[in-house]
Amino acid sequence: MNHAVEDIENLGLTKQRQAVLRVIRESEKHLTANEVFEDARFVLPGISFATVYNSLRYLKQEGLIGEIQFGLDANRYDRNLSQHDHAICNKCGKIVDMELDVPTELIDSAADISSFKAESIELTLRGLCSECRI
């Protein structure tokens, strides 16, 4: 049995929440709720969109998945829970995780400009991915 599957089964989740978590953990992409729903129907036929949506909210609250929002676009769900940044293609919408060392000076400068007390900073690089540059 796959070790990741064992981990999911040992969390004490309902079979619906297990299906949603499995979809997110097995995806290389940052999925929207609609994409999670489409994939979850293959794992658990008959699952409803409302159940998927409620499961996403629960899994996020429990710290099992991340939720990212880029402007007015649909929220995306992320299996990577560590602090990280993203690159987004302006043409196809592809999202790529990036691990950047953010200089303290940048965080301090952003806090000064915004008059916020900095707790974290997330960077988003926007441009064209390698496939769209061709």
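Contact here means heavy atoms within 4.5 Å. Leaving aside neighbours within four places in sequence, V36 is in contact with V20, V23, I24, L31, V52 and L56. The structure is a predicted model, in which local features need pLDDT of at least 70 and side-chain atom pairs count only at pLDDT 80 or more, while totals for chains, interfaces and linings use all residues. Residues are numbered from 1 along each chain as its sequence is written, and side-chain values use heavy atoms, with hydrogens and water left out.

- V36 is placed in helix 3 and is buried, with a relative accessible area of 0%; buried means under 20% relative accessible area, exposed over 50%, and partly exposed in between (1.4 Å probe, protein chains only).
- V20, again leaving aside neighbours within four places in sequence, is in contact with V36, I47, V52, S55, L56 and L59.
- Between V36 and E131 there are 95 residues in sequence and 24 Å in space, C-alpha to C-alpha.

**Largest pocket**

- The largest pocket has a volume of about 280 Å³.
- A pocket is an open set of points on a 1 Å grid over the protein atoms alone, where a 1.4 Å probe fits, with protein on both sides within 12 Å along at least five of seven lines; lining residues have an atom within 4 Å of a point.
- Grid points are joined across faces, edges and corners, and the volume is the space filled by probe spheres set on the points.
- Its lining has 15 residues, with E67, I68, H84, H86 and E122 nearest the centre.
- Strand 1 (residues 66-68) gives the largest share of this lining, three residues.
- By class, the lining has four nonpolar residues (Ala, Val, Leu, Ile, Met, Phe, Trp, Tyr, Cys, Pro), three charged (Asp, Glu, Lys, Arg) and eight polar (the others, Gly among them).

**Cysteines**

- The whole structure has zero disulfides, a disulfide being a pair of cysteine sulfur atoms within 2.5 Å.
- The sulfur of C92 is 3.7 Å from the closest cysteine sulfur, in C89, which is too far for a bond.
- C132 is in no disulfide, and the nearest cysteine sulfur, that of C89, is 3.7 Å away.
- C132 is buried, with a relative accessible area of 16%.

Methods
Helices (H or I, at least four residues) and strands (E, at least two) are DSSP runs, numbered from the N terminus.
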